[in-house]
Amino acid sequence: MDPVDLAAVEAERERIRDRYLSAPADRPASSARGIHHTALLCTDVERTVRFYQDLLEFPLTEMIGNRDYKGSTHFFFDLGNGNLLAFFDFPGLDLGPYAEVLGGLHHVAISVEPATWERLRDKLAAAGVEYAEESGTSVYFRDPDGARVELIADPLGEMYGSTVN
């Protein structure tokens, strides 16, 4: 792998920022209302429910059949503010292990209150879930199927002291 020319990367980032990024007052409203749900895959429905509901305290809100694959369950967890995290299982299919690939999901970042962040970080540690803490506001870990999840104590629309919306 060739070394990255960081000056060129920064110059390209500045070029794109200058061309496409508008000041908040000049930015048009989004055509979207929000993310209805993000859907991940799982190999064991009950294990996933225990992890997300019991450990992370995201209430299970619904379980329905997957309209696209008979025998598959489509189930949802409440992330607050009308946002949902959903899962599919695919019984009978060998999904293989989770893999981060170019163009694939890198991680899901979920905002929680600072006190909740501390409590959930401590629960992860007590449950033996390996995690990495970054900047005192982010904790990264993998769910039972290997998907990377971030709990972030920054408010929605902010990241590490900067407004991002």
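**Fold.** I read the chain along its sequence and recorded the pattern α-β-α-β-β-β-β-α-β-β-β-β-β. I counted three helices and ten strands, taking helices (H or I, at least four residues) and strands (E, at least two) as DSSP runs numbered from the N terminus.

**Basis.** I note that this is a predicted model, in which local features need pLDDT of at least 70 and side-chain atom pairs count only at pLDDT 80 or more, while totals for chains, interfaces and linings use all residues. Residues are numbered from 1 along each chain as its sequence is written, and side-chain values use heavy atoms, with hydrogens and water left out.

**Extent and surface.** I looked up the box filled by the C-alpha atoms and found roughly 50 × 40 × 35 Å along the principal axes. The accessible surface of the chain is about 11100 Å², and carbon and sulfur atoms hold 53% of that surface; the areas come from the Shrake-Rupley method with a 1.4 Å probe. Of the 165 residues, 29% are buried (under 20% relative accessible area, with exposed meaning over 50% and partly exposed in between; 1.4 Å probe, protein chains only).

**Contacts.** I took a contact as heavy atoms within 4.5 Å. Among contacts with a separation of 6 or more, 48% join residues 24 or more positions apart.

**Charges.** I found 15 positive and 28 negative side chains, the centres of the two sets lying 4 Å apart. Lys and Arg count as positive, Asp and Glu as negative, and His and the chain ends are not counted; each charge is placed at NZ of Lys, CZ of Arg, CG of Asp or CD of Glu.

**Salt bridges.** I applied the rule of a Lys or Arg side-chain nitrogen within 4 Å of a carboxyl oxygen of Asp or Glu, and the count came to ten. Side chains of opposite charge can pair when their charged atoms come close.

**Helix 1.** Which residue meets Arg13 in a salt bridge? I found Glu10, at 2.4 Å from N to O. Arg13 and Glu10 are about one helical turn apart, because they are three residues apart in helix 1 (residues 6-20). Arg13 is partly exposed at 41%, and Glu10 is partly exposed at 33%.

I also recorded Arg17 with Glu14, whose closest N and O atoms are 2.1 Å apart. This pair too lies in helix 1, three residues apart. Arg17 is partly exposed at 34%, as is Glu14 at 31%.

**Elsewhere.** I noted a salt bridge between Arg67 and Asp68, at 4.0 Å from N to O. Arg67 is exposed at 76%, and Asp68 is exposed at 65%.
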